[in-house]
Amino acid sequence: MDYNKLAELVFPDVSGTVNELEEQFPKRNLNEGAYVTRFAPSPTGYMHIGGLYAAMISSRLAHQTGGVFYLRIEDTDKKREIEGGTDEIIQSLAGYGVAFDEGPFSDGEKGYGPYKQSERREIYRICAKELMKAGHAYPCFCTADELNVIRRQQEELKADIGYYGTYAACREMSYEQIEEKIKAGVPFVVRLKAPETAAGHITYSDPIRGNIEMPENRMDLVLLKSDGIPTYHFAHVVDDHFMRTNLVVRGDEWMASYPLHKQMFDLCGFEQPEYLHISPIMKMDGSAKRKLSKRKDPEAAVGFYLEQGFPPESVMEYLLTIANSNYEEWHMENPDKPGSDFVLSLNKMPVSGALFDMVKLTDVSREIISEFTVEECERQILEWSEKYEPDLYQFACKNSAQFQETIGLWKMSGKKVRKDVSKWSELMVMFDYLYMPQEKFEKTAVYELDEKYTKEQLEEAVLAYKKDLFLNTDNWFEQMKTLGEPMGYCPNMKEYKKNPQSYKGSISDLCSIIRVAVTGHKNSPDLYTIMNVLGEETVQKRLDHFLARI
């Protein structure tokens, strides 16, 4: 067959050539060893934590080698695309400090764009035409019903399922047959003509797993669908070549596609990038591990961590511990260096599924928050609470100095750094008494009272304290001792421990009653500071409400 003639028949309106594309998208001028990587999501739903993980790895490998990290939007599935999906991807990643050098955004459209596949249609058609001219592609007119018949035959014969060899009904059509169908307007797809010798095996050298033997591809897979839109397999080969990607970071579920992709690169005459197949993020389900599921697991969504108020630094720090087994050791040896100084190593990445441990993330986050300045805490809490916790946001905006003082309360205990908070959503659970409006506090307060205190004892203590809160003194605790002693509270703990039966309680008991009355909790940071933050009027209201409730 005259393949040039066939290509002109199928693509009469395509005038560009691959050589022209090579000139339009030249090799990048980068230092040897520099990686060009990409993140190529589809704007069809929320960002998965596995996507953030892959984007982080791609970004770091590119930037630590002086390379380029770009965003490509694979938006050929218009039926599933959600409105604002691309912006959602960009904003989600930006919130975690993952920045792109190029992509479909302001100042990102560089010389290797457009970066949306829906805008690259002509590029794919040029490459498909070149493949057809070389005898590596052909039009296929099989209908869905005809393909189902082929599949049933294969199932009956227990043959491999697919469109290949003698089952490829349109592979050996004559030019005249093809011309007749095209002139008649019969819909068709463009298929790859897999080499007939492709029956053996290839060896793939994976940077993480080493050498892997895989069967060669022998399927005549679709390159262009009937509407001219490319399949993922073809589009990624064309895009990675002309965007000059030299390292593809992707999940190991794509490893089975490697023989097909290698074959496509070879048949197109393109230089193949290196592939890095990373392990999926897993979770424990009973005694077994499974992949994080979009359907079953809320923590699969990046939005989950935003809503919970985990600082971005905490999530990225934790993902680094998953990505490289030596990161925690490096961090211990370099406690004053930021995680951005760590050099990611391909040979330190996990071979099997990386287990996502929420408890460990929480521990990591406590450490991260404990290292924040009060000002950094304030900035992040304001950003988070504006969207997710209006009561906290209103309190923080009302009086910045007062809000910073409350942050100091739960961050420090004297000179010791506290590590109580792991995410911003905990603030309204652990410190509701600080941030909740008084009316709401009165409706929701649950007092953690010790059963050893009688109602009479509680009333006596609170009524006595209400007369003077001692909020304008430097020796509040001494004043409490003076207040409590006539009521039978021992001011000296050593003496009380020797003769507890001689007293109504210790000075700590008196303080505990006031603490519960003001905060609702048995334990809290410094009570005197809490009451000064709340102010005398609010403290009096808290005490009155407590008396009314007991």
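**Entry 1: sorting the residues**

I count Ala, Val, Leu, Ile, Met, Phe, Trp, Tyr, Cys and Pro as nonpolar, Asp, Glu, Lys and Arg as charged, and the others, Gly among them, as polar. The model is predicted, so I take local features only at pLDDT of at least 70 and side-chain atom pairs only at pLDDT 80 or more, while totals for chains, interfaces and linings use all residues. Residues are numbered from 1 along each chain as its sequence is written, and side-chain values use heavy atoms, with hydrogens and water left out.

**Entry 2: the largest pocket**

I started with open space. A pocket is an open set of points on a 1 Å grid over the protein atoms alone, where a 1.4 Å probe fits, with protein on both sides within 12 Å along at least five of seven lines; its lining residues have an atom within 4 Å of a point. Volume is the space filled by probe spheres set on the points, which are joined across faces, edges and corners.

I found about 1200 Å³ of space in the largest pocket. Its lining has 36 residues, and Ala 40, Pro 41, Ser 42, Glu 253 and Trp 254 lie nearest the centre. I noted β1 (36-39), α3 (49-63) and β8 (247-251) as the elements giving two or more residues to this lining; helices (H or I, at least four residues) and strands (E, at least two) are DSSP runs numbered from the N terminus. Helix α3 has the largest share, four residues. By class, I get 16 nonpolar, 11 polar and nine charged residues in this lining.

**Entry 3: the second largest pocket**

The second largest pocket came out at about 660 Å³. I see 26 residues lining this pocket, with Glu 313, Glu 317, Leu 320, Tyr 327 and Gly 339 nearest its centre. Helix α3 turns up here too: α3, α11 (312-323), α12 (327-333) and α13 (358-371) each supply at least two lining residues. The largest share, six residues, is from α11. The classes are 12 nonpolar, six polar and eight charged.

**Entry 4: Ala 54 in α3**

I then picked a residue of α3, Ala 54. Is Ala 54 buried or exposed? Ala 54 is buried, at a relative accessible area of 12%; buried means under 20%, exposed over 50%, and partly exposed in between, with a 1.4 Å probe and protein chains only. Beyond its neighbours within four places in sequence, Ala 54 is in contact (heavy atoms within 4.5 Å) with Val 249 and Ile 278.

**Entry 5: α15 against α16**

Helix α15 (residues 390-398) packs on helix α16 (residues 400-411) at about 115°, and their axes are 5 Å apart. Axes are lines fitted to C-alpha atoms, for helices over the stretch in contact, and angles run from 0 to 180 degrees between N-to-C directions. I list Leu 392, Phe 395, Ala 396 and Lys 398 on the α15 side, meeting Ser 400, Gln 402, Phe 403 and Thr 406 in α16. This contact divides into four nonpolar, three polar and one charged.

**Entry 6: α24 and Met 531**

In α24 (residues 527-534) I found Leu 527, Ile 530, Met 531, Val 533 and Leu 534 buried. Down the axis of α24 these fall within an arc of 160°, so they line one face of the helix; the arc is that of the directions from the helix axis to the C-beta atoms. Gly 535 follows α24, with a positive phi near 95°.

Met 531 counts as buried, at 0% relative accessibility. Not counting residues up to four places away in sequence, Met 531 touches Tyr 465, Leu 471, Trp 476, Val 518 and Val 539. I also checked Met 531 against Val 518: 13 residues apart in sequence, and 7.8 Å in space, C-alpha to C-alpha.
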